[in-house]
Amino acid sequence: MELEPEQLLQEARENVEAAQSYRRELGQRLQGLREAQRQIKESASQTRDVLKQHFNDLKGTLGKLLDERLVTLLQEVDTIEQETIKPLDDCQKLIEHGVHTAEDLVQEGEIAILGGVGEQNEKLWNFTQKASHIQLDSLPEVPLLVDVPCLSAQLDDSILNIVKDHIFKHGTVASRPPVQIEELIEKPGGIIVRWCKVDDDFIAQDYRLQFRKCTSNHFEDVYVGSETEFIVLHIDPNVDYQFRVCARGDGRQEWSPWSVPQMGHSTLVPHEWTAGFEGYSLSSRRNIALRNDSESSGVLYSSAPTYFCGQTLTFRVETVGQPDRRDSIGVCAEKQNGYDSLQRDQAVCISTNGAVFVNGKEMTNQLPAVTSGSTVTFDIEAVTLGSTNNNEGGNFKLRVTISSNNREVVFDWLLDQSCGSLYFGCSFFYPGWKVLVF
């Protein structure tokens, strides 16, 4: 059955679009393939350079160590030789002096004997007297050869086998690092980095995470420890960062090769406290608030409603002061001045003693007291959006989960009106409380 011209034209257009889409997909795969080839070649080249440099350094260090050891041993030979040869030199001088004395005495005695007796009696007498004072029967002690040093060098050739064995086992070449970055999750002013082992035979003791701006040539450490996730703070929004991680094997000192760097960024505006509030001092990035010793009190709010449902809002208590039952850390639908705590309508919060308040009412469920180093997280999801009475306005319900010190409470929060975003806030009545928000 032949197609109508219009149907044929439409089918041709669809085939062209399909071919274009197919070409784009192939182009993307070709680009990915080229990146994979580039990674293999570049990493192979870098590995060659690292190996050459390392073994050149080893050869230089080993040569230096061998030279130093040779100098030490030669110095030992010199010391033994000098200390043991001196007494023998002194003995030699004494014997040589005796030989000369004996030769002179022999010569003088022969002359006296040739003169005979009579007129030569005086010479014979003088010779006899001189000989009696020389002690011709006293000979110096000469040590036996077994009693004097006979230097030698003891060189154990087994060191070559030991060194050879270590050299043959020194260094490995891995086709891929034992750990890789698994996930990058954007946060307001930060990025959560998660990583995992990809080598089942590798037993990790510690991990080391680094990051850098893509415009920088230098990576810097942000975490070393046993956890497999970490939130990197002080991230500028809409700026690309690179992250990489390595691991240290159990009982080892050296770090593994770095993972393949992963690119990440955050589009979320950083959370900030409102500046200029007399009772609180803020950090340069305005994400840390310190309750100072001012007599002013009240709620310190966020500078804008930057918390959205579906996100996790985290407070970390850096330092603590004297607690008060009116203290509060939480979120609210809108700023309301004139209150000294978030324990009010249209707000949910936790007090420093662990009490949870919803719209100003204390819940029966309670969390542990907030201490230095505690983290308090809020996870809020929209449950229903609608009115219970078309004439009197709507009630909007949110599902709230507050977690602190490995415990959590879950409850529904009713609002008078829909809120696309929420403010966060805190209030403390005594100085010393410092809170970081992210």
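Helices (H or I, at least four residues) and strands (E, at least two) are DSSP runs, numbered from the N terminus. The structure is a predicted model, in which local features need pLDDT of at least 70 and side-chain atom pairs count only at pLDDT 80 or more, while totals for chains, interfaces and linings use all residues. Residues are numbered from 1 along each chain as its sequence is written, and side-chain values use heavy atoms, with hydrogens and water left out.

**Confidence**
- The protein chain has a mean pLDDT of 88, and 95% of its residues reach 70 or more; pLDDT is the predictor's confidence in each residue, from 0 to 100.
- Residues 387-393 have a pLDDT below 50, and this stretch has 5 contacts (heavy atoms within 4.5 Å) in the model beyond near neighbours in sequence.
- Where pLDDT is low, the predicted coordinates should not be read in detail.

**Helix H1**
- Helix H1 covers residues 5-114, which is 110 residues.
- From its first C-alpha to its last, H1 reaches 158 Å, close to the 164 Å expected at 1.5 Å a residue; the expected span is 1.5 Å times one less than the number of residues.
- H1 has a kink of about 30° at Ile85, shortly before the proline Pro87; the bend is the angle between axes fitted to the seven residues ending at a residue and the seven starting there.
- Cys91, Leu105, Gly109 and Ala112 are the buried residues of H1, where buried means under 20% relative accessible area, exposed over 50% and partly exposed in between (1.4 Å probe, protein chains only).
- These buried residues pack against helix H2 (121-134).

**The sheet S4-S3-S6-S7**
- Four strands form an open sheet in the order S4-S3-S6-S7, with antiparallel pairing; two strands pair if DSSP finds at least two bridges between them.
- Strand S4 (220-225) and strand S7 (262-264) are the edge strands, and each pairs on one side only.
- Strand S6 (residues 241-249) pairs with S7 over 3 bridges in the antiparallel sense, and Phe243 stands opposite Gln262 in S7.

**Cys214**
- Cys214 lies in the loop between strand S3 (204-213) and S4.
- Cys214 is partly exposed, with a relative accessible area of 35%.
- Leaving aside residues up to four places away in sequence, Cys214 touches Asp240, Tyr241, Gln242 and Met263.

**Strand S20 and its partners**
- Strand S9 (residues 288-291) pairs with strand S20 (residues 434-437) in the antiparallel sense over 3 bridges, and Leu290 has Lys434 as its bridge partner in S20.
- Strand S11 (residues 312-319) runs antiparallel to S20 and is joined to S20 by 4 bridges, with Val435 in S20 as the bridge partner of Val317.
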